[in-house]
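Have a look at the structure and follow along.

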Amino acid sequence: MVSAVRISTISFAGSGEGGSTEERIDGNRKAALRLVEKAALDKPDIVCLPETFTGLGLETKEWFKSAETVPGPTTEALGDIAKRHDMYVVSPIVERLGGKTFNSAVLIDRAGGAVGSYHKIHPTISEIEAGITPGTEPTVFETDFGPVGFAICFDLNYREVGEGLKGRGAKLVFFPSMYPGGLQLSIWSHDLGFYMASAITGNESSIIDPLGRALVRSS
């Protein structure tokens, strides 16, 4: 990994706009795109949004309707921003793929293309009941600044996910989530030797170094 990487993570709880399910999903997408454009002003190498951000604020049944393919409206819109600002973007969405639906984190490269998706290995019971298929393995992608991995929300409770990321060479792990993760983020970073950067739906997104120290937390 290069000596300096500029990271931006976005705390976002949804647009709060009413209307139909489709209008609320579209409102979330547009509000999140505005935040990514704002983050791009700091010239980051990579920006990460929180877990399944297009479906935030919806009941589980409606949240599941936010599922889309890759490429699709969200990754294409984020890809345009990534290309214009020469940065990577992590897009956590509900993804339809091959007749299944996953809670995913999609990595978009500086050219605006989707590099690939990580599928959440440990969805909650309510997610599974809604139709989410669990992923099968930790995933690490190469970037021009080093190998990047992902853990989504409830994955943090399963040490084997972190160990799998370490075994695949991850130096930076993004944690898009509905909850902050707390001390567990520092424990993973310290024990497994990688940086962690969280993007959550509330306050206290953070960047943790391999010594388990919080370099920065959002208010």
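1. One cut-off before the rest: a residue is called buried when its relative accessible area is under 20%, exposed when that is over 50%, and partly exposed in between. Keep in mind that this is a predicted model.

2. Start with Phe175, which is at 0% relative accessibility and therefore counts as buried. Phe175 has a ring partner in Tyr179: the centres are 6.0 Å apart and the planes make 85 degrees, an edge-to-face pair. Tyr179 itself is partly exposed, with a relative accessible area of 28%.

3. How many aromatic pairs does a search of the whole structure find? It turns up five. Take Tyr88 and Phe145: their planes sit at 85 degrees with 5.5 Å between ring centres, so this pair is edge-to-face. What I like here is the sequence separation: Tyr88 is in strand β3 (residues 88–97), while Phe145 is in the loop between β6 (140–143) and β7 (146–150), 57 residues apart. Both Tyr88 and Phe145 are buried.

4. There's also a cluster to look at: Phe141, Phe150 and Phe174 are linked by ring pairs.

5. Now the hairpin. Strands β4 (residues 100–108) and β5 (residues 114–119) run antiparallel and are joined by five bridges. One spot to check by eye is Ile108, whose bridge partner in β5 is Ala114. Five residues lie between the two strands, and in this hairpin Gly112 adopts a positive phi near 90 degrees.

Notes. Residues numbered from 1 in each chain as written. Predicted model: local features only at pLDDT ≥ 70, side-chain atom pairs only at ≥ 80, totals over all residues. Heavy atoms only, no water. Pairing = 2+ DSSP bridges. Helix = DSSP H or I, 4+ residues; strand = E, 2+ residues; numbered from the N terminus. Phe/Tyr/Trp six-rings, centres within 6.5 Å; stacked < 30°, edge-to-face > 60°. Buried < 20%, exposed > 50% of the residue type's maximum accessible area, 1.4 Å probe, protein only.
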